[in-house]
Amino acid sequence: VQLQASGGGLVQAGGSLRLSCTASERTYGSTFGIYSVGWFRQAPGKGREFVAAKSYRTGSTWYSDSVKGRFTLSRDNAMNTAFLQMDGLTPEDTAVYSCAASGYYTYSDLTSMSKYHDWGQGTQVTVSS
């Protein structure tokens with residue numbers, strides 16, 4: 001496994017979760033910092049959608065309108081890990097969340113799933129009302 005997502009679970013509406021995405025030391029070594037990181041989610045019966053991404057080149061971070069102001073993407077390159085802090089969760093946030101790595105760095109590229117070359121397995125987030 002090259003990217004490992006974790007931290008999902010069951011939480012009540014209004015609660016918080018922090019997801020982690022850890023890159024394999026064997027695969028990435030100390031190079032994780034030269035890849036952009038994105039988070040996507042897929043709700044039951046729906047397609048996968050963009051959630052957030054951080055550009056490795058500029059450090060810019062972008063969010064979908066549905067999570068802006070509630071979610072925060074950060075990373076610790078020394079730990080080969082990216083985090084998605086999710087606050088103010090609602091039942092509409094229920095989905096399988098996946099992280100991905102990309103060699104691209106612009107908004108238009110990082111909002112597109114096709115620009116990611118490496119995907120972690122998903123972690124389930126369930127928000128009860």
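With which residue does D93 form a salt bridge, and how far apart are the closest N and O atoms? The partner is R41, and the closest N and O atoms are 2.9 Å apart. The close-up views below are taken from a predicted model.

Figure 1. D93 lies in the loop between β8 (81-86) and β9 (95-102), whereas R41 belongs to strand β4 (residues 36-42), so the pair ties together parts that are 52 residues apart in sequence. The two partners are both on the buried side of the 20% limit: D93 has a relative accessible area of 1%, and R41 has one of 6%. Side chains of opposite charge can pair when their charged atoms come close.

**Figure 2. The salt-bridge network around R41.** A network of salt bridges links R41, E49, R70 and D93. E49 is partly exposed, at a relative accessible area of 36%, while R41 is buried.

**Figure 3. The salt bridge between K68 and D65.** The side chains of K68 and D65 meet at 3.3 Å, N to O. D65 counts as exposed, with 69% relative accessibility. The model has 4 salt bridges in total.

**Figure 4. The surroundings of S36.** S36 is located in strand β4 and counts as buried, its relative accessibility being 0%. A polar atom of the S36 side chain lies 3.0 Å from the backbone nitrogen of Y56. The backbone oxygen of Y104 is likewise placed 2.6 Å from a polar atom of the S36 side chain. Leaving aside neighbours within four places in sequence, the residues in contact with S36 include K54, S55, R75, A100, A101, S102, Y105 and L110.

**Figure 5. The open sheet of β1, β3, β8 and β7.** Four strands form an open sheet in the order β1-β3-β8-β7, with antiparallel pairing. At the edges are β1 (3-6) and β7 (71-76), each of which pairs on one side only. From one strand to the next, the twist averages 15°. The pairing of β1 with strand β3 (residues 17-23) is antiparallel and extends over 4 bridges. A5 stands opposite C21 of β3.

**Figure 6. The nonpolar cores.** The largest nonpolar core has 28 residues, and those with the most contacts inside it are L3, W39, V51, F71, L84, M86 and Y97. Two or more residues of this core come from each of the elements β1, β3, β4, β5 (48-54), β7, β8, β9 and β11 (123-128). Apart from this core lies another, of 6 residues, among them A53, A100, L110 and Y116. In soluble globular proteins, nonpolar side chains tend to be buried together.

**Figure 7. The contacts of L3.** L3 is among the residues with the most contacts inside the largest nonpolar core. Leaving aside neighbours within four places in sequence, L3 is in contact with C21, T22, A23, Y28, F32, C99, A100, A101, D118, W119, G120 and Q121.

Figure 8. The side chains along β11 alternate. Strand β2 (residues 9-12) runs parallel to β11, and 4 bridges join the two. In this pairing L10 stands opposite T126 of β11. The pairing of β9 with β11 is antiparallel, over 3 bridges, and A95 stands opposite V125 of β11.

**Figure 9. The backbone at N80.** N80 is found in the loop between β7 and β8. The phi of N80 is near 55°, a positive value in a residue other than glycine. Most residues other than glycine have a negative phi. At 3% relative accessibility, N80 counts as buried.

Technical notes. Residues numbered from 1 in each chain as written. Predicted model: local features only at pLDDT ≥ 70, side-chain atom pairs only at ≥ 80, totals over all residues. Heavy atoms only, no water. Buried < 20%, exposed > 50% of the residue type's maximum accessible area, 1.4 Å probe, protein only. Polar contact = N/O pair within 3.5 Å; in protein donor to acceptor, adjacent residues only side chain to side chain. Contact = heavy atoms within 4.5 Å. Pairing = 2+ DSSP bridges. Axes fitted to C-alpha atoms, helices over the stretch in contact; angles between N-to-C directions. Core = buried A, V, L, I, M, F, W, Y, C linked by side-chain atoms within 4.5 Å.
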